[in-house]
Amino acid sequence: MNATPANKIEPAEIVGHFINNRDVADDNRPAPITNPATGKTTRHVAMASKATVESAIAAAQDAFPGWRNTPPAKRARIMFRFKQLLEEHAEEIAAAITDEHGKVLDDAMGEFGRGVEVVDYACGIPEMLKGEFSRNVGPGIDSWSDFQPLGVVAGITPFNFPAMVPMWMYPMAIACGNTFVLKPSEKDPTAPMLAARLLKEAGLPDGVFNVVNGDKEAVDTLLGDERVQAISFVGSTAVAEYIYNTGTSNGKRVQALGGAKNHAIVMPDADIDNAVNALMGAAFGSCGERCMAISVAVCVGDEVADSVVSKLKAQIANLKVGTGTDSATHMGPLITRAHHDKVRGYVDLGVEEGATLAVDGRDLVVDGFEDGFFLGPCLFDNVTQAMRIYQEEIFGPVLCVVRAESEEQAMQLINDHEYGNGTCIFTRDGEAARYFADNIQVGMVGINVPLPVPVAYHSFGGWKRSLFGDLFAYGPDSVRFYTRRKTITQRWPSGGVREKAQFSFPGRQ
Ligand code: NAD
């Protein structure tokens with residue numbers, strides 16, 4: 001439904017789409033974009049109709065034959081130029097992230113930088129697409145494997161890393177020779193729109209990269225369209241599972257990364273001060289809205305737990321909550337009023353469930369920003385496995401301390417949890433760390449590293465209900481995800497030799 005005349009929003013104030021290297025204006029069902037620090041609507045974003053998404057898919061489909069046949073070295077040159085342009089526009093993109101997401105500017109710059117690293121990696125695509133070759137697999141017979149692009153690929157991304165998570169996907173997908181339709185989060189769509197314009201400036205041909213803004217209607221169109229060969233999704237587990245089930249039953253290749261509940265074990269021999277510093281950043285950085293945020297600290301032994309809780313309380317007292325544009329701020333607001341209320345509801349629930357609320361951030365007010373979606377850092381002690389605040393992803397500045405008696409018991413908690421995205425152990429004991437890394441049922445493991453987010457030339461993904469599909473995001477797995485193997489066996493009969501018909505299966509020769 002379009003905006004009614006009474007609340008008509010001028011099209012210039014509505015973020016549209018980017019299709020075929022052109023900005024596409026649209027005023028279909030405009031949804032507000034809010035600055036989380038002020039609580040004010042700054043702009044609107046159009047929700048693409050089915051027809052709009054289909055026009056983006058058509059543009060990508062038309063662009064595919066030419067792009068597929070563009071030499072990988074030429075595709076890499078566009079990536080080099082894109083990387084350079086991204087770096088020139090870093091401040092503008094980081095400012096857009098802070099404006100729409102609320103995270104602190106330094107943190108926005110950090111996520112942006114990690115996204116650019118994937119573009120760096122994509123610049124090496126000719127090396128990665130070299131394929132495999134075996135000469136003389138039989139007399140006069142050679143065999144090789146090619147890695148061919150799939151065609152039109154779609155990406156659907158969450159609000160919490162509006163620049164980085166899309167960059168986990170499209171640089172590698174298009175470097176591999178695919179064309180791409182991105183559906184970013186409707187809460188903070190500006191960073192990917194800026195990147196799309198820079199890709200055009202870098203020389204990317206029309207239709208190779210397209211952005212459609214929207215909601216379920218846009219996503220369902222991508223899921224149902226047979227021209228879309230593969231889907232990369234990052235978001236909450238409920239939606240990830242829906243995307244995976246629907247996409248695969250429609251014959252698509254799907255990787256769907258979901259939610260998390262990341263535990264850190266603090267062993268009795270750990271450097272407790274270092275561990276507490278690490279926990280502070282990992283739990284409260286970006287207001288806890290990271291899929292790799294540490295939301296549970298499992299302390300082995302009451303002595304460790306008492307010390308960790310008291311040191312955390314002291315540090316939280318000095319944590320500055322404020323706007324992302326204030327350079328003194330450590331933690332900004334949550335993304336929306338609705339999410340703020342949901343997270344706050346979990347804090348109320350934790351109290352009802354009997355956990356000890358050691359630090360209560362519920363009444364925090366940031367002077368001058370009373371309408372912002374701020375919530376102070378919260379710390380629960382004596383959290384147990386049966387509590388919902390332990391089981392469910394809260395996705396806010398809430399750290400739960402669970403007390404365990406041994407490393408085995410702490411690890412069992414993690415292995416029993418439905419999520420398996422990231423985890424970490426703080427210890428000085430190499431044997432304990434090695435045992436942990438070897439036996440923990442989690443996809444990304446840190447040893448004295450609280451946020452073990454793999455670098456661009458490794459791959460990112462979780463286990464259990466944190467990832468549906470077989471392959472991780474970016475890194476070597478992305479070449480496998482965004483290409484299809486083809487194995488060719490050839491013989492060129494020479495010297496006029498005629499072969500007799502053979503009726504047995506070709507065996508060792
Ligand atoms: P979300 O699942 O609400 O939204 C993700 C995307 O799906 C958005 O583009 C949204 O428009 C779309 N979407 C939402 N509901 C839909 C529906 N019913 N049908 C079809 N599409 C729908 O997630 P979010 O709130 O934007 O992001 C936070 C979540 O993302 C957290 O759970 C977090 O753990 C997760 N996340 C995971 C990773 C990871 O790597 N595993 C990384 C970042 C974020």
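A backbone N or O atom of Gly258 lies 2.7 Å from a nitrogen atom of the ligand, which makes a polar contact (a pair of N or O atoms within 3.5 Å). With the ligand taken alone, 840 Å² is exposed, and the protein buries 87% of that (Shrake-Rupley method, 1.4 Å probe). Keep in mind that this is a predicted model, where local features need pLDDT of at least 70, side-chain atom pairs count only at pLDDT 80 or more, and totals for chains, interfaces and linings use all residues. Residues are numbered from 1 along each chain as its sequence is written, and side-chain values use heavy atoms, with hydrogens and water left out.

Now look at Glu186: one of its polar side-chain atoms is 2.7 Å from a ligand oxygen. Over at Gly235, a polar backbone atom lies 3.3 Å from an oxygen atom of the ligand.

Let's step back to the whole shell. It holds 25 residues, and Lys183, Glu186, Ser236, Gly258 and Glu393 are the closest; a residue counts as near if one of its heavy atoms lies within 4 Å. Domain 1 (11-258 + 466-487) and domain 2 (262-447) both contribute to this shell, so the ligand lies between them; the domain bounds come from an automatic or database assignment.

Conventions:
Polar contact = N/O pair within 3.5 Å; in protein donor to acceptor, adjacent residues only side chain to side chain.
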